[in-house]
Amino acid sequence: MGSTLILATRNPDKLVELRRILEAGHVPVDVGDLEEYPDMPEVAETGLSFAENALLKARAVAAFTGRPAVADDSGLCVDALNGMPGVLSARWSGRHGDDEANLRVVLGQLSDMPPGRRGAHFACAAALVLPSGAEHVTEGLLEGSLTGEPRGRNGFGYDPIFVPDGAVVTTAEMSAADKDRISHRGRALRALAPIIAALLGD
C-alpha cells in the first residue's frame, strides 16, 4: 500500500519539509514522493504562471498514481525586470538548473541599478489535486531586495543574492529553520495544510 498523499518531487529535502509542516499543523496524513513511482515521466512545466505549473505537475501525478498529489512551483520576480525571471527562474541563463549561471545573469542585468531600485520577491504556488478532479491552490510570497554580490552558502537558486525585508542577511546566510519560517514555499505549503487536513485527515 502506497502513501496517502504523493508529493511531486524526487527531492528528499522537499519531502522532509512537507512532512514537517503537516506534523506541525497536526495533519495526520502519510506523505510519500515520486521515489515510490520510478516510472513516472517528467512533466513539462509549460504554464505561464507558478499556479499553472504546480497544477500541471499535481494533475499528472494524481492521474499516474491514482492518489492525491501535491506539487509546487516557485521562482524569483525582480521589479526592475518586470517580474522576470518568474516562471523561467530555473532556466534564465538558458540551461535548466544552473544556479550559478542564472544568478550571474540576473546580477548582470541589474548591474546599473542602485540599491533602492533592486526590489524583488520570491513567489510559490502549491497545488493539491485529488483523483476525483478536485483542485486547490495556495500561494506564498517573500518580499525583499537583491544584493550586488552573492553571500552565504546555505540554500540554493537565488538565495545568495536575496535579502528579505527586515533582514540584513541573505537567505543563503540564514539557518534552514530561520529560512523555513519565512520562506515563500513554507508559506504556500502551510496554507495548504488545513485543506489537506480537511480533505484527507483521519
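This section describes backbone features, strand pairing and salt bridges in a predicted model.

The backbone contains a cis peptide bond, which runs from Met-84 to Pro-85 and has an omega near 5°. Pro-85 belongs to the loop between β3 (residues 69–78) and α3 (residues 99–109). The loop between β3 and α3 also holds Asn-82. Phi of Asn-82 is positive, near 55°, although the residue is not a glycine. Asn-82 is exposed, because its relative accessibility of 75% lies over the 50% cut-off.

A positive phi, of about 55°, is likewise found at His-26, another residue that is not a glycine. His-26 is placed in the loop between α1 (residues 12–24) and β2 (residues 31–33). With a relative accessible area of 72%, His-26 is exposed.

Strand pairing was examined next. Strand β4 (residues 119–129) pairs with strand β5 (residues 135–146) in the antiparallel sense, and 11 bridges connect the two. β4 and β5 form a hairpin in which five residues lie between the strands. Within the turn of this hairpin, Gly-133 has a positive phi of about 105°. β5 is also joined to strand β6 (residues 162–164), by three bridges and in the antiparallel sense. β5 therefore has β4 as a pairing partner and β6 as another. Gly-144 of β5 illustrates this arrangement: Gly-144 is the bridge partner of Ala-120, and Gly-144 also stands opposite Pro-164 in β6.

Side chains of opposite charge can pair when their charged atoms come close. A search of the whole structure gives 13 salt bridges. One of these is formed by Glu-42 and Arg-10, whose closest N and O atoms are 3.7 Å apart. Glu-42 lies in the loop between β2 and α2 (residues 50–65), whereas Arg-10 lies in the loop between β1 (residues 5–7) and α1, so the pair ties together parts that are 32 residues apart in sequence. As for accessibility, Glu-42 is exposed at 72%, while Arg-10 is partly exposed, with a relative accessible area of 31%.

Lys-14 forms a salt bridge with Asp-72, with 3.5 Å between the closest N and O atoms. Because Lys-14 is in helix α1 and Asp-72 is in strand β3, this pair ties together parts that are 58 residues apart in sequence. Lys-14 has a relative accessible area of 24% and is partly exposed. Asp-72 counts as buried, because its relative accessibility of 6% is under the 20% cut-off.

A salt bridge is also present between the side chains of Arg-95 and Asp-98, with an N to O distance of 2.5 Å. Both residues are partly exposed: the relative accessible area is 48% for Arg-95 and 23% for Asp-98. Elsewhere, salt bridges that share partners join Lys-14, Glu-17, Asp-72 and Arg-185 into one network. This network thus includes Lys-14 and Asp-72, the pair that links helix α1 with strand β3.

Note on methods:
Residues are numbered from 1 along each chain as its sequence is written. This is a predicted model: local features need pLDDT of at least 70, side-chain atom pairs count only at pLDDT 80 or more; totals for chains, interfaces and linings use all residues. Side-chain values use heavy atoms; hydrogens and water are left out. Helices (H or I, at least four residues) and strands (E, at least two) are DSSP runs, numbered from the N terminus. Buried means under 20% relative accessible area, exposed over 50%, partly exposed in between (1.4 Å probe, protein chains only). A salt bridge is a side-chain nitrogen of Lys or Arg within 4 Å of a carboxyl oxygen of Asp or Glu.
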